[in-house]
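Hi everyone, thanks for making time for this. Let me put the structure up on the screen, and then I'll walk you through a few spots in it.

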Amino acid sequence: MQTPTASAEISTMGTLARQNDAFRQALMTINFEGQMLRGRVGMSTEVTNLDHEVLLGVLKKVREFDDFTAGDDPYGEHDFIAFSHPVGGEEQRFIFKIDYYSDSAMEFGSEDPVDPSVTYRTGTLLLASEY
């Protein structure tokens, strides 16, 4: 039997995972259940220098990703993904990570990432070799 605290934590992580899924699928600020999930997405120079068609394929994989594992997502937040995509005939590993800040200046972490009114998400896409 779960304690009330454990049930609340599971509910919070479920909400956070759904928020992160919505943000990752939109790749920008989006209305989620009547509240704005504020944020932006950035890419490393290596990613922005990819061929246009390759980059579109990578972004499609980011948006459609749903293969979360305990190794990559131990807390069930859906805030980290890793996947492969062909680049120049070779498979390359990519990472997309969501971080939570208190505002767009990104100076301080959000005190309550599940509360959209005090959270600004930043998604970062990079090659795994850059991590």
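Let's begin at F96, whose bridge partner in β5 is L125. What you are looking at is a predicted model, so please keep that in mind as we go. The strands behind this pairing are β4 and β5, which run antiparallel and are joined by eight bridges.

Now stay with L125 for a moment. Which residues does L125 touch, once we set aside its neighbours within four places in sequence? The contacts include F83, F94, I95 and F96, and also V58, L59 and V62. G42, M43, S44 and V47 complete that list.

Next, the charged side chains. How many salt bridges are there in the model? The count is five, and I'd like to show you some of them.

Start with K97 and D79, whose side chains meet at 3.2 Å, N to O. This pair links distant parts of the chain, since K97 sits in strand β4 and D79 in the loop between α3 and β3, 18 residues apart. Is D79 buried or exposed? With a relative accessibility of 13%, D79 counts as buried.

K97 also forms a salt bridge with D99, and there the closest N and O atoms are 3.8 Å apart. D99 is partly exposed, at 27% relative accessibility. Put together, D79, K97 and D99 are linked in a network of salt bridges.

My last stop is on helix α3, where E64 and K60 lie four residues apart, about one turn of the helix. They form a salt bridge, with 3.1 Å between the closest N and O atoms. E64 counts as exposed at 51% relative accessibility, while K60 is partly exposed at 48%.

That's my tour, and I'm happy to go back to any of these spots.

Technical notes
Residues are numbered from 1 along each chain as its sequence is written. This is a predicted model: local features need pLDDT of at least 70, side-chain atom pairs count only at pLDDT 80 or more; totals for chains, interfaces and linings use all residues. Side-chain values use heavy atoms; hydrogens and water are left out. Contact means heavy atoms within 4.5 Å. Two strands pair if DSSP finds at least two bridges between them. Helices (H or I, at least four residues) and strands (E, at least two) are DSSP runs, numbered from the N terminus. A salt bridge is a side-chain nitrogen of Lys or Arg within 4 Å of a carboxyl oxygen of Asp or Glu. Buried means under 20% relative accessible area, exposed over 50%, partly exposed in between (1.4 Å probe, protein chains only).
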